Amino acid sequence: MEKLGYEVIDYSSYNADFYPDNIKVNQPTAGRSRWSSGAGDQHQFLTLKLDRPCLLQSITFGKFSRKHICNLKEFKVLAAATENHWVEILLSGLRDDSEPESFTVRNTLHGGRVPFPIQWLKVVPLMAYELKFNFSIWYLELRGVQDPAVVQPLVAQYQHYCERVALRMCLKVIRDLNPQRFDLQGMIRPLPADQPPIQLENPLVTDMRAAALGGHFDRLESMLTTCNANGLLNDYIRSCPYSAQWERVLPRSGPSPGGRGAHQMCMDPVGGHLYLFGGWSGTQSLSDFWRYHLESCQWELISADTAQQGGPGPRNYHTMCCCPQTQVLYLLGRYVDPDQRGENSLDSDFYAYHIHTNSWERLSVNTELDGGPRLSFDLEMTVDAATQQLFVFGGRTINSDARECVYSGLYRYSIPNKTWTVLRPDVLPTDVDAALRTRMEQSTLLDPRSRQLLIIATQRENTGQGDFTVYDMDTDTVFEKVTPHTNNSIVYDRRYTHRATYDPDRQEIIVFTGWAYNPSLKGQGTESSDIVSTLWSYHVPSETWTPIFRTHSPSPTFPCARIAHQLVYDERHRTHYLFGGNAPFIHPFCSSSAASWTRRHSLHPNHRLNDLWALQLRKPTATDVIKRMKFLVRRQHFLEMCILAPQARPMHSGMDSAHSTSVSSYVTAYHSSLNPPPSTYDYQRILKAIQYLQNQLAELVDFDNPLQVAAFHRLPVALLHDWPKDAPTREQLIHGSRRVLFDDLLAFFPDTVKEPAGSLVDMVVPWMEAEAGMA
């Protein structure tokens, strides 16, 4: 990834001598080395032209040497392969500090399938830190790939994609304007002839369209199964939100860990075990060591005091991880109360537990003396099993003077060599390189595919950090994945305790926030209304957060809100396990004993939980999705039966007399109140519609789903509607509703198999106006 050259070719305005070209020079201590807009509205911009086409990968904003009210609290970046055809590639914001920030940008289109090489860039400020002030950009650095041998094939691929989309748009116009004469098999044959033909849409979608518009409902239903067999529903299923299924796991027999917080857990995927060590009981630090057998749902006490076996002593707020290849657990760090720092050792001892031999090994008496981190608490450690390295990040260091607020950096430990390397100390950057802001209570996850550390932060100096930082282990580079601006929707307040896990196959992060204080709810009810428990998923490729679960009230069906808990993930069974923590308020559903319950929502500062919960996240299955789609098809069939019920002829004599009397009296009584009275009805058709509703439609409804039940309950109204009686109007109504049905079904399919969105016809007037303006 190389630094890219550019020129500022256009701008909205500038103030005094704060010229746009100033952003090309990084002088953080020079107060006038910046571009400052001439106004503070949202019409300000800078347009850059790169030296040649490139695949842009990151943008770095340099800053002034201290906070500044003109820093960009919110901005967006647009890019173009050809001038004036802009695509938004970044929407974000800067922290109001002196540290440079780097951001990855969108450099693909069509769901990541098409590269997006660019040559023009537009930076649009949206908000400064003071609303009445102009915008300032101090320095802008672009990085990416500019090698013609790499970029030119990407340019050709992008142009080829644009040409095919343009031709498909033409096919769409032809079919929409003259559908009867449109040859569905008449596909444009591009040049050269060895290229695949250009299709308006996937042939299965074309056949579905014909079946839907023609009213061939049985054939349409069978085609839905064919579409699923061909993988056309996979993207929709993948995009569906999770539903959380919590289950309280009770030991079958024998002992189990007592209540605690600030403990550590890790998963051994090879042995199928969950390991738990230490923590704070509410009155003392613990040194007990437990193993939970996933298959037998049984706890095993390995040691009541590991210090007796040469292992670590009592501790809390430490970190622990497991290397599945070597079957070794690593443990580091601890918290020491300020009142006890004068009498206790502040050495950072480092231990390994060998699972096969059930033995502890002290790897270091003091890692600081070995070139590693100082004694710290609330730090994070993760293992790179492929390279046999440990990465230790963050945490607040333990100093003899508790008033000192010092944070640890990023360290790497070589397991074979038993050596430490400091990768990023907790210091401000000296150049444009983005700083890796160390902190405490963060979640540090390792993505083995991209070889990146994914760091979701929480606190630094009692300030919530909402950023999502990525550290590339191979290139030693840091950039922001999700910024404080775009991260605001994740929680009510950034001061929260969370735990996160990572699924490398799904490329998803799951975050359980524990509890967070919501000031907006204060005084609106019980004390627990200020406590929220939330669960979120983050999809790494699409960079999107999705809420899964949120609650204010305790329940026996899910865990109560808590802090200082632990969450681990069993990849084999796709199950999360949550254990313990501090409960701000004791709830009877979380309490380990009824005696500890004093009154509802009572505060108990020493109370610690010992509950174990299993969490499985489920998405709709293909069967579920097909049932939803079939419901839409059968709903349309039912509506057409109702539309065709009005007839200017008497009821068929073959109708069952009992049903005839009941249905006739019901419908006649309703319609007798209408003025003017509706046309006469074919009650045979109405009876068939009712039977279809009760059987074919009802069998597709999940009556445990309130939304589906409500949609089903709305359908009988169609039986009593005064539908038109003349054939042309009915046909027009039916044709329009079938078109709506097809559009509803298209929502389940990815854009890659559907006709392109938009219309060339709608572009004509804006194009004519633009041409007239240029004349």
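A salt bridge is a side-chain nitrogen of Lys or Arg within 4 Å of a carboxyl oxygen of Asp or Glu. The structure holds 31 of these salt bridges. This is a predicted model: local features need pLDDT of at least 70, side-chain atom pairs count only at pLDDT 80 or more, and totals for chains, interfaces and linings use all residues. Residues are numbered from 1 along each chain as its sequence is written, and side-chain values use heavy atoms, with hydrogens and water left out.

**View 1. A salt bridge joins Asp288 and Arg260.** The N to O distance is 2.7 Å. Asp288 sits in strand E16 (residues 285-293) and Arg260 in the loop between strand E13 (243-249) and E14, so the pair ties together parts 28 residues apart in sequence. Strands (E, at least two residues) and helices (H or I, at least four) are DSSP runs, numbered from the N terminus. Asp288 is buried, at 10% relative accessible area. Arg260 is buried too, at 1%. Here, buried means under 20% relative accessible area, exposed means over 50%, and partly exposed lies in between (1.4 Å probe, protein chains only).

**View 2. Arg315 forms a salt bridge with Asp349.** Their closest N and O atoms are 2.9 Å apart. The pair links distant parts of the chain, 34 residues apart. Arg315 is in the loop between strand E17 (298-303) and E18. Asp349 is in the loop between strand E19 (328-332) and strand E20 (350-354). Both residues are buried.

**View 3. Arg635 and Asp744 meet in a salt bridge.** The N to O distance is 3.8 Å. Arg635 lies in helix H5 (residues 622-643) and Asp744 in helix H9 (residues 727-746), so the pair ties together parts 109 residues apart in sequence. Arg635 is partly exposed, at 27% relative accessibility. Asp744 is partly exposed as well, at 29%.

**View 4. Salt bridges link six residues in a network.** The members are Lys172, Arg175, Glu201, Arg739, Asp743 and Glu755.

**View 5. The second largest pocket holds about 920 Å³ of space.** Rolling a probe the size of a water molecule over the atoms shows where empty space is left. On a 1 Å grid over the protein atoms alone, a pocket is an open set of points where a 1.4 Å probe fits, with protein on both sides within 12 Å along at least five of seven lines. Lining residues have an atom within 4 Å of a point. This pocket has 35 of them, and Cys322, Thr382, Leu445, Tyr502 and Glu571 lie nearest its centre. Several strands each supply at least two lining residues, among them strand E14 (264-268), strand E18 (319-323) and strand E23 (380-384). By class, the lining has 21 nonpolar, seven polar and seven charged residues. Ala, Val, Leu, Ile, Met, Phe, Trp, Tyr, Cys and Pro count as nonpolar, Asp, Glu, Lys and Arg as charged, and the others, Gly among them, as polar.

**View 6. Gln388 and Lys418 have positive phi values.** Phi of Gln388 is near 55°, in a residue other than glycine. Gln388 lies in the loop between E23 and strand E24 (389-393). Gln388 is buried, at 15% relative accessible area. Phi of Lys418 is also near 55°. Lys418 lies in the loop between strand E26 (410-414) and strand E27 (419-424). Lys418 is partly exposed, at 48%.

Definitions and conventions:
Grid points are joined across faces, edges and corners, and a volume is the space filled by probe spheres set on the points.
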